[in-house]
Amino acid sequence: TIDADGGPNGLQYSEVDMLLDNGLGGITIKNVLLETPTTEAITAIKNPNFNSYWVVSHKWNSNEFIAYEVSNAGINLTPIVSALGDAVNAPIGTIKISPDGTKLAMSTKINGELGLCDFNSSTGVVSNLIDLGVNAYGIEFSPNNKLLYSTNWTAKELSQWHIESNNQTDIVNSRLVITNGIINNRLAALQLATDGKIYLAREDQEYLDVIHQPNLIGLGCNYEFEAVNLNGKKSLLGLPPFIQ
């Protein structure tokens, strides 16, 4: 779990024993502090070589990513630390790892940064930061790992980036704004779902937007405004993050 706005509870973990309470599960360890303060960004990806996962976050007022390995033996309390770029002084943002575990993107809402990095899903190391030079909050990778999507809630834009080249100039120049000014409220979280589509939250709205074909370059990605009716409920800024 991650505290809000860089709060003192930082990054914590709990454990649930699913054998308890007739298979409904029970909490056996609760809210053990791993690191504080941290940003609100958290994600996870499977280690391809072991039966374990990396849980990745970022320290606040620091330039350090932290990756904790979680396995059936528990949590390795010594994180893999990767120091990259400038200190992150905004706690609000997002981290996402590409489905193949090779790329990591991070946004910070207030100081307007969107960074693209390499990620080693075998070692937990983050490297080779590319600054994309835009303000972003929501971020997500396409299922085929070739495209990156980001939302800018100040400009109310959804952008698509081609990231295959690993060249900063080419990636920056590839940016395409998908929404083209049709949005009148803040665009927020993006999340790739198990159906292969990317869902988009818009603040205080009774709908989610959808990118139906996120592997396709340009407007062929088939962005649909107000695609999912929330039946009178309202979206805020976040969506539940899944392990890709």
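This section describes the overall form of a predicted model and then a selection of its local features.

The protein chain contains one helix and 19 strands. Its radius of gyration is 18 Å, close to the 18 Å that the globule rule gives for 244 residues, so the chain is as compact as a globular protein of that length. Along the principal axes, the C-alpha atoms occupy a box of roughly 50 × 45 × 35 Å. Of the 244 residues, 45% count as buried. The chain exposes about 11400 Å², and carbon and sulfur atoms supply 50% of this area. Among contacts with a separation of 6 or more, 47% are made by residues 24 or more positions apart.

Valine 16 belongs to strand β1, which covers residues 11–17.

Eight salt bridges are present in the structure. In one of them, the side chains of glutamate 157 and arginine 175 meet at 2.8 Å, N to O. Glutamate 157 lies in strand β14 (residues 157–162), whereas arginine 175 lies in the loop between α1 (168–173) and β15 (176–177), so this pair ties together parts that are 18 residues apart in sequence. Glutamate 157 is partly exposed, at 21% relative accessibility, and arginine 175 is likewise partly exposed, with a relative accessible area of 32%.

A further salt bridge pairs glutamate 226 with arginine 202, the closest N and O atoms being 3.5 Å apart. Because glutamate 226 is in strand β19 and arginine 202 in strand β17, the pair ties together parts that are 24 residues apart in sequence. Glutamate 226 counts as partly exposed at 31% relative accessibility, whereas arginine 202 is buried, with a relative accessible area of 0%. Aspartate 204 forms a salt bridge with lysine 234, where the closest N and O atoms are 3.4 Å apart. This pair links distant parts of the chain, with aspartate 204 in the loop between β17 and β18 and lysine 234 in the segment after β19, 30 residues apart. Both partners are partly exposed: aspartate 204 has a relative accessible area of 42%, and lysine 234 has a relative accessibility of 47%. Salt bridges that share partners also join Arg202, Asp209 and Glu226 into one network.

Threonine 151 is located in strand β13, residues 147–152. This residue is buried, with a relative accessible area of 0%. The side chain of threonine 151 reaches the backbone oxygen of alanine 188 at 2.8 Å. When neighbours within four places in sequence are left aside, the contacts of threonine 151 include Asn135, Tyr137, Leu187, Ala188 and Leu200. Glu157, the residue that forms a salt bridge with arginine 175, is also among the contacts of threonine 151.

Two glycines in loops were also examined. Glycine 124 occupies the loop between β10 (113–119) and β11 (126–131) and is buried at 1% relative accessibility. Glycine 124 and glutamate 69 are 55 residues apart in sequence, and their C-alpha atoms are 8.0 Å apart in space. Residues up to four places away in sequence not being counted, glycine 124 touches Trp54, Ala67, Ile80, Ser82 and Phe119. Glycine 196 is placed in the loop between β16 (187–192) and β17 (198–202) and counts as partly exposed at 27% relative accessibility. Glycine 196 touches Pro143 and Pro214, again without counting residues up to four places away in sequence. The C-alpha atoms of glycine 196 and arginine 175, 21 residues apart along the chain, are separated by 22 Å.

Particular backbone geometry occurs in several loops. A cis peptide bond, with omega of about -5 degrees, joins threonine 36 and proline 37. Proline 37 is situated in the loop between β2 (26–35) and β3 (38–47). Asparagine 61, although not a glycine, has a positive phi of about 55 degrees. This asparagine is found in the loop between β4 (52–59) and β5 (62–71) and is exposed, with a relative accessible area of 51%. Asparagine 222, also not a glycine, has a positive phi of about 65 degrees. Asparagine 222 lies in the loop between β18 (207–211) and β19 (223–229), where it counts as partly exposed at 34% relative accessibility.

How values were computed. Residues are numbered from 1 along each chain as its sequence is written. This is a predicted model: local features need pLDDT of at least 70, side-chain atom pairs count only at pLDDT 80 or more; totals for chains, interfaces and linings use all residues. Side-chain values use heavy atoms; hydrogens and water are left out. Helices (H or I, at least four residues) and strands (E, at least two) are DSSP runs, numbered from the N terminus. Buried means under 20% relative accessible area, exposed over 50%, partly exposed in between (1.4 Å probe, protein chains only). A polar contact is a pair of N or O atoms within 3.5 Å; within protein, one must be able to donate a hydrogen and the other to accept it, and residues adjacent in sequence count only if both atoms are side-chain atoms. Contact means heavy atoms within 4.5 Å. The radius of gyration is taken over C-alpha atoms; the globule rule is 2.2 Å times the number of residues to the power 0.38. Accessible areas come from the Shrake-Rupley method with a 1.4 Å probe; for residues, only the protein chains shown count as cover. A salt bridge is a side-chain nitrogen of Lys or Arg within 4 Å of a carboxyl oxygen of Asp or Glu.
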